Amino acid sequence: MSEPAYVVVGVGVLITNKYGQILIGKRSSKHAPYWSIFGGHVDPGESFETCAIREIKEEIGIDIQAPTVFGISNNLQTHQQEGKHTVSVCMHVEYDGDIEPQIMEPDKCESLMWVSPDKLPEPHFEASRNAVDLWLTQRFYRQNA
């Protein structure tokens, strides 16, 4: 696969509940069968916060408020495997809304569940794993080897 001449910026949103669990989905598209937190690519002229709010509404039908940046992930393993270089802005929001998250894009996600962040199901998508690791270790960035 030829490498693009640019780096794609995305957001990954770590959604926690009052029990400290995170919401993840099992991908059904190009990245199947990987599990991952939710998020997507930043559109030109879009803030990270606006992107996170938009992507979460599109993907799982819930409204989130005031997501905050807690880390940055340079996804080099995915670049080596797929030829696509992404940098993920890792964001957090606690969700305690009345609406239960649901799959809005079944062509991209086949199931979702709340899990303990220290017991991620496998296989797990690199950007998501990196975000969860940064969250658990309370680091902003980890240099890849």
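Asp43 is partly exposed in this predicted model, with a relative accessible area of 37%, and it is the residue I would like to start from. Asp43 sits in the loop between β4, residues 38-41, and α1, and its side chain makes a polar contact with the side chain of Arg54 at 3.5 Å. That pair also counts as a salt bridge, the closest N and O atoms of Asp43 and Arg54 being 3.5 Å apart. Because Asp43 belongs to the loop between β4 and α1 while Arg54 belongs to helix α1 itself, the pair ties together parts that are 11 residues apart in sequence.

Salt bridges that share partners join Asp43, Glu46, Arg54, Glu55 and Glu58 into one network.

Before we leave Asp43, what separates its C-alpha atom from that of Val9? The two C-alpha atoms are 8.8 Å apart, although Asp43 and Val9 are 34 residues apart along the chain. Val9 in turn is part of a nonpolar patch on the surface, together with Phe48, Val69, Phe140 and Tyr141, and the patch has about 420 Å² of accessible area in total. Of these residues, Phe48 lies in helix α1, and with a relative accessible area of 34% it is partly exposed.

Let me turn to the other salt bridges, of which the structure holds 10 in total. One of them brings together the side chains of Lys26 and Glu110, at 4.0 Å from N to O. Lys26 lies in strand β2, residues 22-27, and Glu110 in strand β7, residues 109-115, so this pair ties together parts that are 84 residues apart in sequence. Both partners count as partly exposed, Lys26 at 23% relative accessibility and Glu110 at 48%.

His92 lies in strand β6, residues 86-94, and a polar contact of 2.8 Å joins its side chain to that of Thr16. Leaving aside neighbours within four places in sequence, His92 is in contact with Leu14, Thr16, Ala66, Pro67, Thr68, Phe70 and Trp135.

Asn130, for its part, lies in helix α3, residues 126-137, and its side chain makes a polar contact with the side chain of Asn75 at 3.4 Å. Not counting residues up to four places away in sequence, Asn130 touches Ser73, Asn74, Asn75 and Arg142.

I will end with confidence, as the coordinates are predicted. The chain averages a pLDDT of 93, and 96% of the residues score at least 70. Among the elements of the chain, helix α1, residues 48-60, has the highest mean pLDDT, at 98, whereas helix α2, residues 76-82, has the lowest, at 86. Where pLDDT is low, the predicted coordinates should not be read in detail.

Note on methods
Residues are numbered from 1 along each chain as its sequence is written. This is a predicted model: local features need pLDDT of at least 70, side-chain atom pairs count only at pLDDT 80 or more; totals for chains, interfaces and linings use all residues. Side-chain values use heavy atoms; hydrogens and water are left out. pLDDT is the predictor's confidence in each residue, from 0 to 100. Helices (H or I, at least four residues) and strands (E, at least two) are DSSP runs, numbered from the N terminus. A polar contact is a pair of N or O atoms within 3.5 Å; within protein, one must be able to donate a hydrogen and the other to accept it, and residues adjacent in sequence count only if both atoms are side-chain atoms. Contact means heavy atoms within 4.5 Å. Patches are made of residues with over 30% relative accessible area and no salt bridge: like charges are joined within 9 Å, nonpolar side chains (Val, Leu, Ile, Met, Phe, Trp, Tyr) within 5 Å. Accessible areas come from the Shrake-Rupley method with a 1.4 Å probe; for residues, only the protein chains shown count as cover. Buried means under 20% relative accessible area, exposed over 50%, partly exposed in between (1.4 Å probe, protein chains only).
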